[in-house]
Amino acid sequence: MPTVPSCFADSSLTTAPGPAHGWAQVPALLLAAGRGERMRPLTDACPKPLLEVRGRPLLEWHLRALVEAGVERAVINTAWLGEQIGHRFSDVFAVEGKREKREQLSISYSHEGRDFGRALETAGGIARALPQLGPVFWLAAGDVFAPDFTFEAQAVQRFVAGDALAHLWLVPNPPHHPRGDFGLSPEGLALNLPAQDPRPRYTYSTIALLRAELFTAPWSDIAPGNPEGVAAPLAPLLRRAMDAGRVTATLHTGRWTDVGTPERLAELNAG
């Protein structure tokens, strides 16, 4: 069993954010609110996104990829031990050796634990953070290791030019999730396949481009900004939009791990 890593090591911080501009600079929402029950006892004292993979907190791998892609603003939602995440990353992140304002990531937070005493699940958490985002934004879960993924400006431009409410990155099914989640048509549509449908399914990587419109009627009934703290999953919204032909997808074949157990974390750190 791996030992609990330090959650307070030095992070790559600077002091001032740069202005966001253009569709290439849409913000990102990083999901970091979960309790990480399956990761216990590692998560009893350290939030799951701060568990280290190859010398860096899981969440930092996404932050670095966002900086490298030129994204300039991120929102992190927190609940369980969320103060540790804010302490670690503060309000600005920059990769070592890159100190220009355009190479920095401004960070703000959506503190579900502070505001409601619990995490709001995926759709509830996104709805709560929407006032800090915009009409289009990246989404990524802070407990997924995807070092080959790039937050490409071209993907944003294609998404904005279309009418999809979401674009998902799917991955080949890992051993712990052999049935997958969604189908993928030859035209690039994500498919909400019936249980008996023989077509292949793939696993949702938890990385996506989303429109804020997905969190309004008829797709969602959560009030704007989720002032009541409604907890709700994202999958039902995505399935409704898929049934209307409004979700596209890409199959990502790079390295990807859902770091959901201590054993998977140990395997990554041993590799």
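Which strands does helix α5 (residues 153-161) lie across? In this predicted model, helix α5 lies across β7, β9 (166-171) and β12, and its direction makes an angle of about 65° with β12.

Those strands belong to an open sheet of eight strands with mixed pairing, in which the order is β5-β6-β4-β1-β7-β12-β9-β13. At the edges stand β5 (92-94) and β13 (247-251), and because each has a single partner strand, one side of each is left without a neighbour in the sheet. From one strand to the next, the twist averages 25°. Within the sheet, β1 (residues 28-32) and β4 (residues 73-78) pair in the parallel sense over five bridges, and Ala32 stands opposite Thr78 in β4.

Another helix, α4 (residues 121-129), lies across β1, β4, β6 (104-111), β7 (136-141) and β12, running at about 135° to β1.

Asn226 is found in the loop between β12 (203-211) and α6 (235-243). With a relative accessible area of 1%, which is under 20%, Asn226 is therefore classed as buried. Leaving aside neighbours within four places in sequence, Asn226 is in contact with Phe116, Leu120, Gly124, Ala127 and Arg128, while its side chain reaches the backbone nitrogen of Val230 at 2.7 Å.

As to confidence, the mean pLDDT of the chain is 88, and 89% of its residues reach 70 or more. The pLDDT stays under 50 over residues 1-6, for which the model has 13 contacts beyond four places in sequence; over residues 8-21 the pLDDT is likewise below 50, and this stretch has 35 contacts in the model beyond near neighbours in sequence. Where pLDDT is low, the predicted coordinates should not be read in detail.

Notes. Residues are numbered from 1 along each chain as its sequence is written. This is a predicted model: local features need pLDDT of at least 70, side-chain atom pairs count only at pLDDT 80 or more; totals for chains, interfaces and linings use all residues. Side-chain values use heavy atoms; hydrogens and water are left out. pLDDT is the predictor's confidence in each residue, from 0 to 100. Contact means heavy atoms within 4.5 Å. Helices (H or I, at least four residues) and strands (E, at least two) are DSSP runs, numbered from the N terminus. Buried means under 20% relative accessible area, exposed over 50%, partly exposed in between (1.4 Å probe, protein chains only). A polar contact is a pair of N or O atoms within 3.5 Å; within protein, one must be able to donate a hydrogen and the other to accept it, and residues adjacent in sequence count only if both atoms are side-chain atoms. Two strands pair if DSSP finds at least two bridges between them. Axes are lines fitted to C-alpha atoms, for helices over the stretch in contact, and angles run from 0 to 180 degrees between N-to-C directions.
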